[in-house]
Amino acid sequence: MGETLTDRVRAVILGGDFVPNQRLIEADVCEQFGASRAAVRETFKELASEGLVEIMRNKGARVRVISKAEAVEITEVRMVLEGLAAYKAAERVTQEQADELRQVVADMREAVAGNDLDRYSELNVALHAKVREIAGHRTAASIIERLGAQVVRHKFRLARQPGRAAVSLPQHELIVAAIAARDPEAAQTAMQQHLRSVVKALESSAD
């Protein structure tokens, strides 16, 4: 199945090409993506339901601004759901999957040693995605992904805070160790403690 118009516009918002509060003018979006007005309107509605776009009466749409307070709330909800995913992953993990998780953490360690924040950020996303995949809990995964998309800018800023990667690396090591040991409760606790630390970092960051 090919990429839909919604997928393409979402990618542009998440990539930062459309910035928060930016007006999305129907005619411009039609031209940029070679789409009809009806298709663009439908895309705006879908992205509004995901919390990425705000529809304004008679004014088209704009990229929604997620405040720091809302980013904190979203991360608190993710803490519960990602804790569940880690619990399920520890119940279901195979030896091969445990090895894959350990490899991602080893790569993260290397990125921290080389102060490669972009690489660390990519691996962080990959690790959380791998945990969700192993968990096989589709409902939790789809909600986590939708919430994660809304706070992508905040996550990007956090990842670049001096020393942040060095704080989060041992947290990811604990998560992986608990999943690999097939200890669901320890995995859930480690994931929730990691996201609690993200909440604290968000709270202390500039709005």
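Me: What makes the contact of Arg-78 with Glu-82 a salt bridge?

Reply: Keep in mind at the outset that this is a predicted model. The closest N and O atoms of Arg-78 and Glu-82 are 2.9 Å apart, and a salt bridge requires a side-chain nitrogen of Lys or Arg within 4 Å of a carboxyl oxygen of Asp or Glu, so the pair qualifies. Side chains of opposite charge can pair when their charged atoms come close. The structure holds 16 salt bridges.

Me: Where do Arg-78 and Glu-82 lie?

Reply: Both belong to helix H4, which covers residues 68-92, and they are four residues apart, which is about one turn of the helix.

Me: Why is Arg-78 called buried, and why is Glu-82 called buried?

Reply: Buried means under 20% relative accessible area. Arg-78 has a relative accessibility of 6%, and therefore counts as buried, while Glu-82, with a relative accessible area of 2%, is buried as well.

Me: What makes Arg-109 partly exposed, and what of Glu-173?

Reply: Partly exposed is the class between buried, under 20%, and exposed, over 50%. Arg-109 has a relative accessible area of 43%, so it is partly exposed, and Glu-173, with 28%, is therefore partly exposed too.

Me: What makes the pairing of Arg-132 with Glu-145 a salt bridge?

Reply: The closest N and O atoms of Arg-132 and Glu-145 are 3.2 Å apart, and because this lies within 4 Å, the pair counts as a salt bridge. It links distant parts of the chain, with Arg-132 in helix H6 (residues 117-135) and Glu-145 in helix H7 (residues 138-150), 13 residues apart. Arg-132 counts as buried, because its relative accessibility is 15%, whereas Glu-145, with a relative accessible area of 44%, is partly exposed. Elsewhere, salt bridges that share partners join Asp-7, Arg-10 and Glu-50 into one network.

Me: Why are H1 and H3 called oblique to each other?

Reply: The axes of helix H1 (residues 5-14) and helix H3 (residues 37-49) come within 9 Å and cross at roughly 60°. Roughly parallel would need an angle under 35 degrees, and roughly perpendicular would need 65 to 115, so H1 and H3 are oblique to each other. The crossing in which H1 passes H3 is right-handed.

Me: Which residues of H1 and H3 meet?

Reply: From H1 come Leu-5, Thr-6, Val-9, Arg-10 and Ile-13, and they meet Ala-39, Val-40, Thr-43, Glu-46 and Leu-47 of H3. By class, this contact has six nonpolar, two polar and two charged residues.

Me: How do you know that H6 is roughly parallel to H9?

Reply: The axes of H6 and H9 come within 12 Å and cross at roughly 25°. Angles under 35 degrees count as roughly parallel, and that makes H6 roughly parallel to H9. The crossing of these two helices is left-handed. The residues in contact include Leu-117, Tyr-120 and Asn-124 of H6 and Ala-165, Ser-168 and Leu-169 of H9. Sorted by class, the contact of H6 with H9 has eight nonpolar, four polar and no charged residues.

Me: What is phi of Asn-21, and where is Asn-21 placed?

Reply: Phi of Asn-21 is near 80°, a positive value in a residue other than glycine. Most residues other than glycine have a negative phi. Asn-21 is placed in the loop between H1 and strand S1 (23-24), and because its relative accessibility is 46%, it counts as partly exposed. Arg-182, in the loop between H9 and helix H10 (184-203), also has a positive phi, near 55°.

Key:
Residues numbered from 1 in each chain as written. Predicted model: local features only at pLDDT ≥ 70, side-chain atom pairs only at ≥ 80, totals over all residues. Heavy atoms only, no water. Axes fitted to C-alpha atoms, helices over the stretch in contact; angles between N-to-C directions. Parallel < 35°, antiparallel > 145°, perpendicular 65-115°, else oblique. Left-handed = near helix turned anticlockwise from the far one by under 90°. Contact = heavy atoms within 4.5 Å. Nonpolar A, V, L, I, M, F, W, Y, C, P; charged D, E, K, R; others polar. Buried < 20%, exposed > 50% of the residue type's maximum accessible area, 1.4 Å probe, protein only.
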